[in-house]
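Notebook open, structure loaded. I want to go through a few spots and jot down what I find.

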Amino acid sequence: MGEKHTPGPLHVVQDETWPYRIMVCDQDGNTVYSEPLACSSSAWRTWDDVRELRGIHGAEREEWIAAIERQRADMYLRAAAPDLLAACHGMVELLSGRPMSGIEGEQRLQAALAAIAKATPTDTKPAGEGEGA
């Protein structure tokens, strides 16, 4: 059975026009995932206002900086997900059936298998579909 996720390579794009969305796009430029930049709440704000957090000061500014950094890091992780999944599959293929010295190798193999399981849906039906629905 083939993968159901969006294939890579993916990359992050920051829209510099209202509503200042941060997006994960495929190699053809199609948006795969998109969300508004954490602080882009007003249409009157220019890209420079948003990028430089103009009008936001003190502790609130630090909170926005942290939120934007976290959001950007999450988007880059989303963009890397297909490559990371492929790397885990490759590592499992390489290490499966090989003798491991010590527990560390086995723990890494199990961690790769757990990551693959976490990234692979087990239920092919959308939520809400099933018996009695």
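Predicted model: local features only at pLDDT ≥ 70, side-chain atom pairs only at ≥ 80, totals over all residues.

I started with the contacts of Gln71. Leaving out residues up to four places away in sequence, I find Gln71 touching Ile22, Glu35, Pro36, Leu37 and Ala38.

Where does Gln71 sit? I looked it up, and Gln71 is in helix 2.

Buried or exposed? Gln71 comes out at 8% relative accessibility, so I put it down as buried, since the cut-off for buried is under 20%.

Next I checked what the side chain of Gln71 is doing. I get a polar contact between the Gln71 side chain and the side chain of Glu35, at 2.8 Å.

The largest pocket comes to a volume of about 310 Å³. I count 15 residues in its lining, and those closest to the centre are His5, Arg78, Ala81, Pro82 and Ala119. Strand 3 (31-36), helix 2 (58-95) and helix 3 (102-119) are the elements that each give two or more residues to that lining. Which one gives the largest share of the lining? I have helix 2 down for that, with six residues. Sorting the lining by class, I get twelve nonpolar, two polar and one charged.

Last stop, the strands. Strand 1 (residues 10-14) pairs with strand 2 (residues 21-26) in the antiparallel sense, over five bridges. I traced one of them: His11 has Cys25 in strand 2 as its bridge partner. The two strands make a hairpin with six residues between them. In the turn I noted Tyr20, which has a positive phi of about 55°.

Methods
Residues numbered from 1 in each chain as written. Heavy atoms only, no water. 1 Å grid on protein atoms, 1.4 Å probe; cavity = no way out; pocket = protein on both sides within 12 Å on 5 of 7 lines; lining within 4 Å. Points joined across faces, edges and corners; volume = space filled by probe spheres on them. Helix = DSSP H or I, 4+ residues; strand = E, 2+ residues; numbered from the N terminus. Nonpolar A, V, L, I, M, F, W, Y, C, P; charged D, E, K, R; others polar. Pairing = 2+ DSSP bridges. Buried < 20%, exposed > 50% of the residue type's maximum accessible area, 1.4 Å probe, protein only. Polar contact = N/O pair within 3.5 Å; in protein donor to acceptor, adjacent residues only side chain to side chain. Contact = heavy atoms within 4.5 Å.
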